[in-house]
Amino acid sequence: MLRFLLLATLVLCGQCSEDLSFLEENGRVVGGTNSAKNAWPWQVSLQYLSGSSWYHTCGGSLIRANWVLTAAHCVDRVVSFRVVLGEHNLSLNDGTEQVIAVQQIIKHANWNTNNVAAGYDIAVLRLASNAVLNSYVKLATLPSSGTVLAHNHACTISGWGRTSTGGALPSILQQAPLPVVAHATCSTSSYWGSTVKTTMVCAGGDGVRSGCNGDSGGPLNCAVSGVYQVHGVTSFVSSLGCNAYLKPTVFTRVSAYISWINSNVY
């Protein structure tokens, strides 16, 4: 699942606006490559139960032994959820997986399911039991509160989202380099305009690489002083296409919600 934003220019408008629609169901990184096995050990596959089977719907990041960070829109549906940690190939038993039920869902109080552009697309999931931390399952490092990365800072998106708009669904975790696009640039009319808020991070926009359906909730991994930190929670792309030129993938900026995260996990 990933949100699509439909860009609708209103004829004869004095101030044009965006109409919102959704990016639904299983998606993947566009323009990416197979990640090395367990290269992103905090990455989780968020799955939902339908009938007697479980299906990948979103990504997430393990931030405590029993807490996962994801996007609020990933858990809007009232269904049974579980997370799979230490996952690499969704179609195979890699021998490193840990499957844990989701016991509690906490979405930001200001999240509006009908207006992803308003922001607050963030949620934390309490797991039914603690993950066992090892070389395949590790905690994500989060940035300091308020940290804003510079334009072109190198980051990497990871996820099991679609490999092209409306395209195939990969089994193996994908990754792709997505450099940060500064808010001052991303908020110009050539990019996302006023749709993007300062509580968001734009990354990519080269027309080749991007997030796509199914990457939602997963991490934007950015190396800072030699340590990867999760600076973004994958939120939305353009309905013009996941990798539409000058429409970078938009992420919830994690550093804007550190206090909220800390006050909700225990």
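Trainee: Why is the disulfide of Cys-186 and Cys-202 called left-handed?
Mentor: The torsion about its S-S bond is about -85°, so the disulfide is left-handed. This is a predicted model, in which local features need pLDDT of at least 70 and side-chain atom pairs count only at pLDDT 80 or more, while totals for chains, interfaces and linings use all residues. Residues are numbered from 1 along each chain as its sequence is written, and side-chain values use heavy atoms, with hydrogens and water left out.

Trainee: What makes Cys-186 and Cys-202 a disulfide?
Mentor: The term requires a pair of cysteine sulfur atoms within 2.5 Å. The sulfur atoms of Cys-186 and Cys-202 are 2.0 Å apart, so the pair qualifies. Cys-186 lies in helix H1 (residues 183–186) and Cys-202 in strand E13 (residues 200–203), so the link ties together parts 16 residues apart in sequence. Helices (H or I, at least four residues) and strands (E, at least two) are DSSP runs, numbered from the N terminus.

Trainee: Why does Cys-186 count as buried?
Mentor: Buried means under 20% relative accessible area, exposed over 50%, and partly exposed in between (1.4 Å probe, protein chains only). Cys-186 has 0% relative accessibility, so the residue counts as buried. Cys-202, with a relative accessible area of 4%, is buried also.

Trainee: How do you know that Cys-58 and Cys-74 form a disulfide?
Mentor: Their sulfur atoms lie 2.1 Å apart, and the count by this rule comes to 4 disulfides. For Cys-58 and Cys-74 the torsion about the S-S bond is about -90°, so this disulfide is left-handed. Cys-58 is in strand E5 (residues 53–64) and Cys-74 in the loop between E6 and E7, 16 residues apart.

Trainee: What makes the pair of Lys-107 and Asp-76 a salt bridge?
Mentor: A salt bridge is a side-chain nitrogen of Lys or Arg within 4 Å of a carboxyl oxygen of Asp or Glu. For Lys-107 and Asp-76 the distance from N to O is 3.1 Å, so the pair meets the rule. Lys-107 lies in strand E8 (residues 98–107) and Asp-76 in the loop between strand E6 (67–70) and strand E7 (81–85), so the pair ties together parts 31 residues apart in sequence.

Trainee: Why is Lys-107 called partly exposed?
Mentor: Its relative accessibility is 32%, so Lys-107 falls in the partly exposed range. Asp-76 is partly exposed as well, with a relative accessible area of 24%.
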